[in-house]
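Please consult the sequence and the structure alongside the points below.

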Amino acid sequence: MLPRIDGSTKVIVTGITGRAGRQHSRIMREYGTNIVGGVSPKAEVREVDGVPVFVNAVEAVRATGAVACVALVGAMQLLDAVKDAVAAGIKLLVTPTEGMPVHDAVEALELTRAAGVLWIGASTPGMAVPGAAKLGFLPHDSLLPGPLGLMSKSGTLSYEAGYRLAQAGIGQSVWVGVGGDPVKGTRYAELVPFYAQDERTEGLLIIGEIGGHEEEDFARVLIEQRFNKPVFALIAGRSAPEGVTMGHAGALVHGNHGSFEAKRAALTAAGVTVFASLGELVAGVRARL
Amino acid sequence: MYLHEHDAKELLARYGVPVPAGCIVGMDAALPEVLPSAGPWVVKGQISAGGRGKAGIIKKVATREELDAGVRSILGRVVKGRCVERVRVEACVESSAELYIGLLLDAEAGGVRVIVSLRGGMEIEEVPATEIRSEVVRLDTIAIADCVVRLAMGYAPAAAQALREAGAQLANAFVAAELRLIEINPLFLRADGSWVAGDAKVVADEGALERQPALRTLVEAQAAHYVESAVKLEHGFDYVVVDPVGEIGLLTTGAGLSMMLIDELRANNLKPYNFLDVRTGGFRGDPTRLVNVLKWISAGPKVRIVLVNIFAGITDLGEFSRLLVEAMGRVPGFKLPVVARLAGNGLAAAREVFAGAGIALYTDLDEAVAEVRRRLEVA
């Protein structure tokens with residue numbers, strides 16, 4: 001289950017001394033995220049923009065009491081960062097890095113599941129509780145507090161959808177970028193119970209894409225758990241060629257596996273309103289919320 | 001990365017998997033002096049997609065004349081939007097049974113799904129569920145091999161033995177080469193109990209290429225056949241030609257948004273040429289990526305216009321617009337009209353830069369698309 005995130009939640013950033021780590025730590029703090037520490041194995045840097053830097057997450061958690069971690073490190077270093085965060089007892093781990101080797105992701109999934117860590121990513125812009133805090137890259141122009149729960153495989157498509165919905169006055173309750181990798185920490189289906197009980201959430205939007213069967217699994221869980229809020233979906237890639245990875249490692253159709261039609265059929269059968277374009281999405285959601 | 005059957009077989013052979021003798025023939029249709037066997041042969045068109053038999057790019061041939069004709073008839077065929085640029089010529093296999101074995105990463109379970117069946121030779125989706133044995137195990141060589149041994153229990157001795165052998169070899173390959181999927185279908189079982197992989201489907205992990213030298217070498221050596229993976233490896237971003245006769249070159253960032261834009265353009269009877277996730281965050285002040293993309297798009301024989309769509313979360317649009325204009329100047333003879341839709345940080349600066357360069361700028365994507373349509377209709 002997703003722990004409660006707000007402006008008081010203590011967050012550390014692994015890789016805070018790197019280019020992206022430094023930049024996004026600053027932007028997250030501007031948004032209201034309570035970044036209490038950073039992690040970098042480089043012993044010579046002990047502070048970034050007033051934030052204390054520790055040699056590993058274990059030390060950082062011991063000194064700060066952080067419960068959440070955003071890891072901004074390279075794809076080949078990510079598994080080590082996950083191991084470090086798990087060892088430190090982090091409860092919520094967000095890993096935006098793209099291109100994590102899939103076999104590393106399997107190992108990271110085993111570790112986080114065994115330790116009861118909620119892992120979001122990889123290949124995600126992160127998550128946000130609009131108006132309170134964000135963990136990752138989500139652009140401020142797209143964030144607006146409101147009633148719509150939002151989960152997305154794609155960063156940019158969710159920025160665009162979130163932005164257009166926000167322009168139409170529809171904001172988000174909790175926004176989670178589940179990410180575009182095939183093997184990942186959190187899938188749509190696992191957050192259904194969270195959105196079911198979350199009082200701020202009056203409707204749920206998933207932004208999906210071809211490849212895998214995550215949308216189908218989500219549809220099945222909606223039915224099993226009798227999810228009773230309106231659910232909307234936008235699925236990208238209906239005209240993508242077979243056998244080619246479309247940007248995201250997970251976005252790969254082979255045979256009927258992962259096709260747009262299979263997803264649309266499963267979602268429609270679960271009562272989800274599936275939209276074919278961004279314009280229809282905004283009009284359709286506005287009509288229902 | 002979906003490997004051609006030929007490359008999949010060469011990879012698996014390194015892990016001990018027996019494959020029929022075969023050779024590769026390119027667009028010149030020149031057969032080697034020494035053929036893989038005295039015949040008969042199977043001629044198999046190589047593309048990164050399944051359903052090749054149904055598409056007519058797999059043919060059995062008996063004589064040398066039929067072989068020549070078969071090779072020529074399959075080369076150059078377009079199947080599922082892909083041109084067949086090489087064929088594998090393989091010795092025909094006499095078999096007494098066709099089995100199935102597959103290993104695939106199960107994303108939900110976080111392990112490996114192991115599947116075996118005595119009913120190979122058809123799509124696994126079409127085999128009745130009662131005829132399939134399947135289990136999910138840890139991503140571990142021994143766990144996978146043991147699982148195949150368990151699943152094959154009770155099968156006729158020769159079939160069980162073949163599956164056990166294949167299981168051990170495939171488990172090694174799967175873990176060592178960091179694969180996402182291996183499927184041997186059919187696995188030909190001969191009357192004498194020996195076996196051979198009739199077909200091989202392998203999906204490799206692009207994210208692991210950096211530490212998989214054999215696969216990396218394959219992508220570099222066969223860049224023409226793995227265009228998308230080669231681009232990603234060399235340039236660090238994703239570019240896919242989705243319609244060789246498309247009219248609209250796309251300069252976009254973000255996988256999902258780029259895919260969605262292609263869907264919407266097609267639904268409106270417009271013809272996008274390419275998919276692109278250029279990753280503006282990776283520019284670091286250098287226009288090289290944009291120069292490359294503009295060159296590739298300009299090479300599209302029917303491309304008449306470029307549509308730019310950047311939703312800048314973090315990217316500074318002022319810097320992006322300067323880099324784009326600089327890149328246009330660096331592509332010799334570039335004169336395609338450009339319609340841009342930008343949203344996000346630094347819009348005012350971008351507006352100034354684009355006005356000076358004669359680029360139409362919109363902040364609404366639908367309006368930008370309408371302008372593209374108008375220009376295509378006028379021209």
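The model is predicted. Across all chains, a search of the whole structure finds eight aromatic pairs.

**Aromatic pair between chains**
- Tyr163(A) and Phe311(B) form an edge-to-face pair, with ring centres 5.2 Å apart and 70° between the planes.
- This pair crosses between chains, running from helix α5 (residues 155-167) of chain A to strand β16 (residues 305-312) of chain B.
- Tyr163(A) is partly exposed at 21% relative accessible area, whereas Phe311(B) is buried at 4%.

**Aromatic pair within chain B**
- The pair of Tyr239(B) and Trp296(B) is tilted, because the planes meet at 50°, with the ring centres 5.0 Å apart.
- Tyr239(B) belongs to strand β13 and Trp296(B) to helix α8, so the pair ties together parts 57 residues apart in sequence.
- Tyr239(B) is buried at 6% relative accessibility, while Trp296(B) is partly exposed at 23%.

**Charge over a ring in chain A**
- Arg238(A) lies over the face of Phe260(A), 5.9 Å from the ring centre.

**Helix α6 of chain B**
- The buried residues of helix α6(B) (residues 227-235) are Ser229(B), Ala230(B) and Val231(B).
- The cover over these buried residues includes α5 (213-221), β13 (238-241) and α8 (288-298) of chain B.
- Gly236(B) follows α6(B) and has a positive phi, near 85°.

Technical notes. Residues numbered from 1 in each chain as written. Chains lettered and ligands numbered in written order. Predicted model: local features only at pLDDT ≥ 70, side-chain atom pairs only at ≥ 80, totals over all residues. Heavy atoms only, no water. Buried < 20%, exposed > 50% of the residue type's maximum accessible area, 1.4 Å probe, protein only. Helix = DSSP H or I, 4+ residues; strand = E, 2+ residues; numbered from the N terminus. Contact = heavy atoms within 4.5 Å. Phe/Tyr/Trp six-rings, centres within 6.5 Å; stacked < 30°, edge-to-face > 60°. Lys NZ or Arg CZ within 6 Å of the ring centre and 35° of its normal.
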